[in-house]
Amino acid sequence: MNRRFSSLVVPALIMTVTLAFGAYQGAAAAGGTISGAVMFKGDVPKPKKLKVTKDKKRCDKSPKFDESLVVKDGKLANVVVYIAEVKGGKKLEKKAVTLDQNGCVYQPHVLAVAAGADVTILNPDKVLHNIHTYSKVNKPMNRAQPKFKKKLKVKFDKPEIMEVKCDVHGWMSGWIFVAGNPYYGVTGEDGAFSLTDVPAGKYQVQIWHEKLGTQTKEVEVKAGETAKLDIEFAG
Ligand SMILES: [Cu+2]
């Protein structure tokens with residue numbers, strides 16, 4: 001094989017192999033934005049007060065409410081908006097994130113993290129917690145965090161949405177979204193999301209809510225433009 005030939009063949013081979021495994025290719029790219037808001041239509045049930053049955057001194061300092069449906073002025077919080085299938089685009093930043101258990105409740109209720117990034121789980125409660133992820137793609141985590149262990153550091157390597165529960169405190173419930181590319185967001189109280197620098201093209205945008213399920217919307221992105229995407233869930 002002469003040098004000129006091999007310099008052409010090797011990168012092509014690497015690319016073929018990587019794409020075959022579906023790996024996300026991060027590189028700077030000019031793109032557009034997908035943004036909008038997630039709305040909830042219907043009667044909003046009054047959030048249920050969670051019953052603290054254990055470690056009351058530490059866990060029952062303030063009232064806690066079920067967060068499986070958080071609606072404010074018609075806007076739906078805790079919705080993950082993401083693109084599952086995208087081959088390339090901007091770099092996936094492995095930004096470290098924190099999951100706090102302060103007061104025996106997961107904060108945030110829905111945590112989003114890049115695959116392979118550090119997740120620090122805090123236990124300021126001076127009680128025993130046991131973090132249990134109901135994951136199917138990643139290896140399930142089932143780990144005690146005794147009261148003296150104020151921080152636990154973990155990583156999730158594969159894209160997945162998994163439920164998290166505490167085996168000690170039955171009312172503790174949350175979700176972790178592990179992202180395989182940088183095009184994701186979780187709505188806050190304003191229901192808003194924005195996916196930026198999306199390479200031009202057509203995408204199936206996934207809109208996930210723990211109770212209301214998943215919607216898929218096709219969106220076309222044009223470079224330098226914003227594609228508006230407003231979503232409605234009915235209760
Ligand atoms: Cu706990």
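Is Pro124 buried, partly exposed or exposed? At 39% relative accessibility, Pro124 counts as partly exposed. Buried means under 20% relative accessible area, exposed means over 50%, and partly exposed is in between (1.4 Å probe, protein chains only).

This is a predicted model, in which local features need pLDDT of at least 70, side-chain atom pairs count only at pLDDT 80 or more, and totals for chains, interfaces and linings use all residues. Residues are numbered from 1 along each chain as its sequence is written, and side-chain values use heavy atoms, with hydrogens and water left out.

**Figure 1. The whole protein.**
The protein has 235 residues, and 43% of them count as buried. Its secondary structure comes to two helices and 20 strands. Helices (H or I, at least four residues) and strands (E, at least two) are DSSP runs, numbered from the N terminus. Contact means heavy atoms within 4.5 Å. Take the contacts with a separation of 6 or more: residues 24 or more positions apart account for 63% of them.

**Figure 2. Pro124 in its loop.**
Pro124 sits in the loop between E9 and E10. Leaving out residues up to four places away in sequence, Pro124 touches Asp100, Gln101 and Asn102. Pro124 and Asp100 are 24 residues apart in sequence, and their C-alpha atoms are 8.1 Å apart in space.

**Figure 3. The copper site.**
Which protein atoms are donors of the copper ion? They are His129 (ND1), Cys166 (SG), His169 (ND1) and Met172 (SD), lying 2.0 to 2.7 Å from the copper ion. Donors are N, O and S atoms within 2.8 Å of the metal (3.2 Å for Na, K and Ca); water is not among the atoms, so sites may look incomplete. The four donor atoms subtend angles of 97 to 134° around the copper ion, which makes the arrangement tetrahedral. Four donors count as tetrahedral if all angles lie between 85 and 135 degrees. Ideal angles at a metal are 109.5 degrees for four tetrahedral donors.

**Figure 4. Copper donors along the chain.**
The donors of the copper ion follow the spacing H-x36-C-x2-H-x2-M. His129 lies in strand E10 (residues 129-134) and Cys166 in strand E13 (residues 160-166), so the pair ties together parts that are 37 residues apart in sequence. Both His129 and Cys166 are buried.

**Figure 5. Two nonpolar cores.**
A nonpolar core is a set of buried Ala, Val, Leu, Ile, Met, Phe, Trp, Tyr and Cys residues joined through side-chain atoms within 4.5 Å. The largest core has 29 residues, of which Val119, Ile121, Phe156 and Ile176 touch the most other members. At least two residues of this core come from each of strand E7 (97-100), strand E8 (110-114), strand E9 (118-122), strand E12 (151-155), E13 and strand E14 (173-179). Another core, of 24 residues, lies apart from it; Val38, Val221, Leu229 and Phe233 are among its members. In soluble globular proteins, nonpolar side chains tend to be buried together.

**Figure 6. Around Phe156.**
What does Phe156 contact, leaving aside its neighbours within four places in sequence? The list includes Ala114, Val119, Thr133, Met141, Met162 and Ile176.

**Figure 7. Around Leu76.**
Leu76 is found in strand E4 (residues 75-76). At 0% relative accessibility, Leu76 counts as buried. Not counting residues up to four places away in sequence, Leu76 touches Val38, Phe40, Val71, Leu212 and Phe233, among others. Leu76 also touches His209. Leu76 and His209 are 133 residues apart in sequence and 9.2 Å apart in space, C-alpha to C-alpha.

**Figure 8. Around Thr33.**
Thr33 lies in strand E2. Thr33 is buried, with a relative accessible area of 18%. Leaving aside neighbours within four places in sequence, its contacts include Ser194, Thr196, Val221 and Ala227.

**Figure 9. Backbone angles.**
Most residues other than glycine have a negative phi, and most peptide bonds are trans. Asp55 is not a glycine, yet has a positive phi of about 50°. Asp55 lies in the loop between strand E2 (31-41) and helix H2 (56-59), and is partly exposed, with a relative accessible area of 31%. Asp197 also has a positive phi, near 55°. Asp197 belongs to strand E16 (residues 192-199). A cis peptide bond joins Gln107 and Pro108, with omega about 0°. Pro108 is found in the loop between E7 and E8.

How values were computed
Four donors count as tetrahedral if all angles lie between 85 and 135 degrees; four count as square planar and six as octahedral if opposite donors are over 155 degrees apart and all others between 65 and 115; anything else is irregular.
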